[in-house]
Amino acid sequence: MRHGKKAAAWLDRHRDKIELFFLPPYAPESNPNEYLNHALKLSVHSGGLPRSKYDIPHKTASFMRTLQHSPDKASAFFLLNQISYE
């Protein structure tokens, strides 16, 4: 069975518990992940050049830990009207 059929069957069983919002095929301005990726790239590329192969993964993990402990920063990715869930 294809994944799409499995997902459709699951959605049919849970329609009362979930509401879907379909995005256009390419709409980065409507995707909070794009804002997260942008902030992550700014953080990882800040400072000097990496000195070892561990620098980039370390900076990535550090950024994500900071975000994890800062709900206000995480929720800021959802503030724009086109991606607000209110």
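A: Buried means under 20% relative accessible area, exposed over 50%, and partly exposed in between, with a 1.4 Å probe and protein chains only. This is a predicted model: local features need pLDDT of at least 70, side-chain atom pairs count only at pLDDT 80 or more, and totals for chains, interfaces and linings use all residues. Residues are numbered from 1 along each chain as its sequence is written, and side-chain values use heavy atoms, with hydrogens and water left out.

Q: How many salt bridges does a search of the whole structure find?

A: One, counting a side-chain nitrogen of Lys or Arg within 4 Å of a carboxyl oxygen of Asp or Glu. Arginine 15 pairs with aspartate 12, with 3.4 Å between the closest N and O atoms.

Q: Are arginine 15 and aspartate 12 buried or exposed?

A: Both are exposed.

Q: Different topic. How many helices and strands are in the chain?

A: Four helices and zero strands, taken as DSSP runs (helices H or I, at least four residues; strands E, at least two) numbered from the N terminus. The chain is more spread out than a compact globule, because its radius of gyration is 18 Å, well over the 12 Å that the globule rule gives for 86 residues. That radius is taken over C-alpha atoms, and the rule is 2.2 Å times the number of residues to the power 0.38.

Q: What share of the residues is buried?

A: 15% of the 86 residues.

Q: And leucine 20, where does it lie?

A: Leucine 20 is in the loop between α1 (3-13) and α2 (32-44). Its relative accessible area is 34%, so leucine 20 is partly exposed.
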